[in-house]
Amino acid sequence: MTASPDEAYVLCEDVFKIHKTDELEVVALRGLDLAVAPGEVMAIVGASGSGKSTLLNILAGLDQPSAGRVRVGARDLLTMTEYELTDYRRAEVGFVWQQTGRNLIPYLTALENVEVPQLIEGISRQEASARAADLLEQVGLGDKFDHRSHQLSGGEQQRVAIAVALANTPPLLLADEPTGELDSATATEVFAAIHQLNEATGVTVIIVSHDRAITQRVDRVVTMRDGRTSAELVRPRSFRRDRIQEMREFALVDRSGRMQIPREFTDRLGIHGRARLELHGDHVEIRPGDADDEAGA
Ligand code: ADP
Ligand code: MG
């Protein structure tokens with residue numbers, strides 16, 4: 001389900017982010033494109049250093065891009081003032097961190113943790129409490145209201161964290177490796193909670209993940225490489241809900257016609273520097289373009 005730019009809830013076009021430190025500049029995003037449909041649950045994968053966290057921090061309003069276009073709903077994240085960014089972070093996004101300890105206030109119970117963001121918004125204690133209870137029920141923690149962090153497993157803490165992130169019903173949920181510290185069975189419970197809340201509220205979900213099973217857990221997985229989106233795995237729509245279709249993999253082609261050839265292909269065929277492209281009816285062939293080609297016929 002790749003959204004067209006008009007339909008997209010989250011739209012990144014040609015985004016650059018340069019991290020400046022004292023000694024050097026690191027280009028973390030270099031011409032990144034991404035469109036996410038409203039209500040979609042999708043994942044971003046990629047090697048360490050490929051720019052995943054940089055992208056998520058920009059979408060969370062915690063950091064601003066250096067160039068390009070980033071739109072979330074009706075908001076343009078490049079031109080927002082500090083005040084508008086604060087408002088955006090408060091109203092539009094919920095965020096779940098990988099470190100379970102970073103998401104919750106340890107001396108508060110699960111219920112109180114989900115109440116806090118609502119109380120800050122001025123919602124009455126009674127209303128906040130009712131909504132917190134409802135959210136915890138939905139993530140399967142109806143029997144853990146009074147538990148504090150140390151009385152919850154890692155997976156349970158992450159499910160509370162999801163409830164906290166959605167306490168004020170933001171339309172967008174961002175999670176940076178939410179199951180990175182969890183085993184596979186526990187990660188399955190966390191994803192079940194995410195899907196439950198997605199179905200109940202229509203919240204759009206973007207998850208950064210290292211989880212090998214991620215392709216079983218979402219309907220679209222975008223791969224990042226060197227600060228750009230390079231490939232996408234999509235599950236074809238099936239009319240039978242009981243049949244889980246295999247994902248299909250696509251390379252992403254940007255507006256300038258650029259795409260990334262997987263490194264294993266370029267290494268295997270020795271494609272470096274230049275390649276020869278030939279159009280054959282309905283497909284294109286790519287071959288190594290070495291010097292012999294020029295000398296030959
Ligand atoms: P990922 O989450 O995919 O591992 P990151 O977005 O964290 O990737 O990092 C992308 C690149 O940007 C890396 O080379 C990283 O070292 C660099 N980087 C990230 N954050 C900063 C920062 N605050 N200052 C300087 N460099 C950074
Ligand atoms: Mg990261």
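About 30 Å³ of space lies in the largest cavity of this protein chain, and the model you are looking at is a predicted one. The chain is built from 10 helices and 13 strands, and 45% of its 297 residues count as buried.

**The cavity**

- The count comes to one cavity of 30 Å³ or more.
- Seven names make up its lining: Arg-228, Thr-229, Ser-230, Leu-252, Arg-258, Met-259 and Gln-260.
- Sorted by class, this lining holds two nonpolar, three polar and two charged residues.

**Overall layout**

- Taken along the principal axes, the C-alpha atoms fill a box of roughly 80 × 50 × 35 Å.
- If you look at contacts between residues at least 6 apart in sequence, 61% of them join residues at least 24 apart.

**The four-stranded sheet**

- An open sheet is formed by four strands in the order E2-E1-E4-E5, with antiparallel pairing.
- Its edge strands are E2 (25-36) and E5 (75-76), each of which pairs on one side only.
- Nine bridges join E1 and E2 in the antiparallel sense.
- Within that pairing, Cys-12 has Leu-34 in E2 as its bridge partner.

**His-19 in strand E1**

- His-19 belongs to strand E1, which covers residues 10-20.
- Is His-19 buried or partly exposed? His-19 counts as partly exposed because its relative accessibility is 26%, which falls between the 20% and 50% cut-offs.
- Not counting residues up to four places away in sequence, His-19 touches Leu-24, Glu-25, Val-26, Ala-28, Thr-54 and Asp-63.
- With one of these, Thr-54, the contact is also polar: the two side chains meet at 3.0 Å.
- Ser-66 is 47 residues from His-19 along the chain, and their C-alpha atoms are separated by 8.8 Å.

**Asp-33 in strand E2**

- Asp-33 is placed in strand E2.
- With a relative accessibility of 18%, Asp-33 counts as buried, because buried means under 20%.
- A polar atom of the Asp-33 side chain lies 2.8 Å from the backbone nitrogen of Asp-14.
- Leaving aside neighbours within four places in sequence, Asp-33 is in contact with Cys-12, Glu-13, Asp-14, Thr-229, Asp-254 and Arg-255.
- Thr-229, one of those contacts of Asp-33, is also one of the residues that line the largest cavity.

**Thr-100 in helix H3**

- Helix H3 spans residues 100-103, and Thr-100 lies in it.
- Thr-100 has 14% relative accessibility and therefore counts as buried.
- Setting aside neighbours within four places in sequence, the contacts of Thr-100 are Gly-154, Gln-157, Gln-158 and Glu-181.

**Loops with positive phi**

- Thr-169 has a phi near 45°, a positive value in a residue other than glycine.
- You can find Thr-169 in the loop between helix H6 (154-165) and strand E7 (172-176).
- Asp-226 also has a positive phi, near 50°, and is likewise a residue other than glycine.
- The loop that holds Asp-226 runs between strand E9 (220-225) and strand E10 (228-234).
- Asp-226 counts as partly exposed, with a relative accessibility of 43%.

**The E12-E13 hairpin**

- Strand E12 (residues 275-280) pairs with strand E13 (residues 283-288) over six bridges, in the antiparallel sense.
- How many residues sit between E12 and E13 in this hairpin? There are two residues between them, and Gly-281 in the turn has a positive phi of about 55°.
- Across the pairing, Glu-278 stands opposite Glu-285 in E13.

Note on methods: Residues are numbered from 1 along each chain as its sequence is written. Chains are lettered from A and ligands numbered from 1 in the order in which they are written. This is a predicted model: local features need pLDDT of at least 70, side-chain atom pairs count only at pLDDT 80 or more; totals for chains, interfaces and linings use all residues. Side-chain values use heavy atoms; hydrogens and water are left out. Two strands pair if DSSP finds at least two bridges between them. On a 1 Å grid over the protein atoms alone, a cavity is a set of points where a 1.4 Å probe fits but cannot get out, and a pocket is an open set with protein on both sides within 12 Å along at least five of seven lines; lining residues have an atom within 4 Å of a point. Grid points are joined across faces, edges and corners, and a volume is the space filled by probe spheres set on the points. Ala, Val, Leu, Ile, Met, Phe, Trp, Tyr, Cys and Pro count as nonpolar, Asp, Glu, Lys and Arg as charged, and the others, Gly among them, as polar. Buried means under 20% relative accessible area, exposed over 50%, partly exposed in between (1.4 Å probe, protein chains only). Contact means heavy atoms within 4.5 Å. A polar contact is a pair of N or O atoms within 3.5 Å; within protein, one must be able to donate a hydrogen and the other to accept it, and residues adjacent in sequence count only if both atoms are side-chain atoms.
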